[in-house]
Amino acid sequence: MKPIRTLALATSVMALATAALADTKIGMITTLSGGGAGLGVDVRDGFMLAIDNAERDDIEVVIEDDQRKPDVAVQTSDRMIQSEKVDIMTGIIWSNLAMAVIPSAVAQGVFYLSPNAGPSALAGERCHENYFNVAWQNDNLHEAAGAYANDAGFENTFILAPNYPAGQDALTGFKRMYEGELADEIYTKLGQTDYAAELAQIRASGADSVFFFLPGGMGISFLKQYADSGVDLPVVGPAFSFDQGILQAVGEAALGVKNTSQWSKDLDNAANVAFVEAFQEEYGRLPSLYASQGYDTANLILSALEKADVSDKDAFRAALREADFDSVRGDFRFGNNHHPIQDIYVREVIKEGDVYTNKIVATGLEDHADAYASECKM
């Protein structure tokens, strides 16, 4: 039997499907409408692929749309915990929503497993025994980009990101590893789509390269405008700005760009080969980074449920810490702050037939842990 799946509307407590009480109830709050919806859809689809493949009838997944609004996410989280009685929560894409939801959720005794957002505040002093990040700490991919910029010989890089927690972590991470000068450092508005002013600043800055973190639609807008601007500088960024969904919208302008990621569809391990094939068969498209993170998050939960009941919190927490599952990214383990220690790769945007995608060209950082673990007292 397949697991129970309940899709609830954000504007209603009425479910589209009803089900008997399951042994384990998982609440997924993610972005399924408006800007950034593609990211949430991919996390959801990767997560549910793993859950469906497990063929367990003792798991119920309740899925709701946060509309990328912190107040909606908080209200939905409280309802899931207090009325729906979920045992585990997951799904949030954006770090400002994560900061609004996660501290309260874990304080109420619920486990939270992040398939994406990894704000620095929750990796350090505000770490929590019930919070696990299955993707990365926000700085990590940007640190690898900074290391790559050194290897590429960049000496005067212009850097920009949106002004919200993940954007601030992005530029902090890049600067932590980058050894050159900064032509300029600017923060854009979250959700911004017009970058004429920023492109004029880049053109006038004397930079020899550009690093940017602009996930979702922001990255699509920037890359298209960058290609049309006449600015001809090498670009480096994290996978979020060059992921599978974004590349199809950007097209030729992204070819050859280097980006950093802990996952790529061409990673040669059995779990990843099976995942890429199964995702394409189920959904008719290549998986993205976000889909891989949703898939790993579900498989981590499933691996822990094989060892402990979620009602035995100490035993279930210990099982999560073991990370005894085959990750699509290969080697994976948790640090003391429940954030990944893993390799981060450098990828290049290529074209395979009519599809824009990425291939690994180097390992940027090996067995890499985040910079905030020493501040966590667990």
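Let's start with E84. Leaving out residues up to four places away in sequence, E84 touches K25, V62 and R79. Contact here means heavy atoms within 4.5 Å. E84 sits in helix α2. Helices are DSSP runs of H or I with at least four residues, strands are runs of E with at least two, and both are numbered from the N terminus.

Some ground rules. This is a predicted model, where local features need pLDDT of at least 70 and side-chain atom pairs count only at pLDDT 80 or more, while totals for chains, interfaces and linings use all residues. Residues are numbered from 1 along each chain as its sequence is written, and side-chain values use heavy atoms, with hydrogens and water left out.

Now the disulfide. How many does the structure hold? It holds 1 disulfide. The term means a pair of cysteine sulfur atoms within 2.5 Å. The partners are C127 and C376, with sulfur atoms 2.1 Å apart. The torsion about their S-S bond is about 90 degrees, so this disulfide is right-handed. Where do the two cysteines lie? C127 is in the loop between β5 (111–114) and β6 (131–133), and C376 is in the segment after β14 (355–368), so the pair ties together parts that are 249 residues apart in sequence.

Are they buried or exposed? C127 is buried, at 13% relative accessible area. C376 is buried too, at 5%. Buried means under 20% relative accessible area, exposed means over 50%, and partly exposed is in between, using a 1.4 Å probe and protein chains only.

Stay in that loop for G124. G124 also lies between β5 and β6. At 1% relative accessibility, G124 counts as buried. Which residues does G124 touch? Setting aside residues up to four places away in sequence, they are Y372, E375 and C376. Take Y372: G124 and Y372 are 248 residues apart in sequence, yet 4.7 Å apart from C-alpha to C-alpha.

Next, helix pairs. First, how the geometry works. Axes are lines fitted to C-alpha atoms, for helices over the stretch in contact, and angles run from 0 to 180 degrees between N-to-C directions.

Pair one is α4 (residues 140–151) with α5 (residues 165–177). Their axes come within 7 Å and cross at roughly 35 degrees. The crossing is right-handed. From α4, the contact uses H142, E143, A145, G146, A147, A149 and N150. From α5, it uses D169, A170, G173, F174, R176 and M177. These contact residues divide into 6 nonpolar, 4 polar and 3 charged. For the classes, Ala, Val, Leu, Ile, Met, Phe, Trp, Tyr, Cys and Pro count as nonpolar, Asp, Glu, Lys and Arg as charged, and the others, Gly among them, as polar.

Pair two is α6 (residues 196–205) with α7 (residues 217–229). They pack at about 50 degrees, with axes 10 Å apart. α6 and α7 are therefore oblique to each other. On this scale, under 35 degrees is roughly parallel, over 145 roughly antiparallel, 65 to 115 roughly perpendicular, and the rest oblique. α6 passes α7 in a right-handed crossing. A196, L199, I202 and R203 of α6 meet F222, Q225, Y226 and S229 of α7. By class, that contact has 5 nonpolar, 2 polar and 1 charged.

The angle is about 130 degrees, and the axes are 8 Å apart. That makes α10 oblique to α11. The crossing of α10 past α11 is right-handed. L300, I301, A304 and L305 of α10 meet F316, A319 and L320 of α11. What is the make-up of this contact by class? It has 7 nonpolar residues, no polar and no charged.

Last, two backbone points. R68 is not a glycine, but its phi is positive, near 60 degrees. R68 is in the loop between β3 (59–65) and α2 (70–84). With a relative accessible area of 25%, R68 is partly exposed. H338 is not a glycine either, and has a positive phi of about 65 degrees. H338 is in the loop between β12 (333–334) and β13 (340–352). At 1% relative accessible area, H338 is buried.

Note on methods:
A crossing is left-handed if the near helix is turned anticlockwise from the far one by less than a right angle, and right-handed if clockwise.
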